[in-house]
Amino acid sequence: MDLRTPSSRPIVLVVDDSVDNLVLLEYQLTSMTECAVVTAETGEAAVHLAQHSQPSLILLDILLPDINGIEVIQRLRQSPSTAGIPIVALTALARTEDRDRILDSGCDDYLAKPYDLDDLQAIVNRHLPQCCRL
């Protein structure tokens with residue numbers, strides 16, 4: 001869990017149990033947005049960080065070691081302080097039925113791994129406020 005929240009820039013919370021994926025996404029996001037990036041490796045840490053840092057966007061892996069991403073989405077949607085935060089699933093679950101289940105759980109968007117950088121950019125731009133985009 002990375003609790004750094006530099007300055008007053010909008011925040012993107014990235015959740016993945018792979019440190020390599022977190023590092024890569026942090027690099028990609030800082031090069032394509034004006035946002036600060038915070039990271040979490042577990043679902044519990046994601047819920048905690050979302051409640052405390054109030055990110056502008058959450059990029060969420062679904063297959064996490066403690067609670068899965070579906071439960072993270074449900075917890076965030078049940079809390080008034082996090083219910084309106086856009087959540088995008090970044091997951092290896094690529095079957096149509098997985099995608100439908102994830103979107104039906106309250107996720108705002110979905111991107112299958114491995115993803116194309118242009119697709120990531122388009123999704124980030126779709127969900128971040130205009131002021132955050134480069």
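**A walk across the sheet**

Begin by selecting L59 and V88: L59 stands opposite V88 in β4. The strands β3 and β4 pair in the parallel sense over three bridges; pairing requires that DSSP find at least two bridges between two strands. Helices (H or I, at least four residues) and strands (E, at least two) are DSSP runs, numbered from the N terminus. The model is a predicted one, in which local features need pLDDT of at least 70, side-chain atom pairs count only at pLDDT 80 or more, and totals for chains, interfaces and linings use all residues. Residues are numbered from 1 along each chain as its sequence is written, and side-chain values use heavy atoms, with hydrogens and water left out.

Next, select residues 57-60, which form β3.

Select L13, which stands opposite I58 in β3. Here β1 and β3 pair in the parallel sense over four bridges.

Now select residues 87-91, strand β4. Four bridges join β4 to β5, and the two run parallel. T91 stands opposite A112 in β5.

Finally, display the whole sheet. Which order do the strands follow? The open sheet of five strands has the order β2-β1-β3-β4-β5, with parallel pairing. β2 (36-40) and β5 (109-112) stand at the edges, each with a single partner strand, so one side of each is left without a neighbour in the sheet.

Note on methods: Contact = heavy atoms within 4.5 Å. Axes fitted to C-alpha atoms, helices over the stretch in contact; angles between N-to-C directions.
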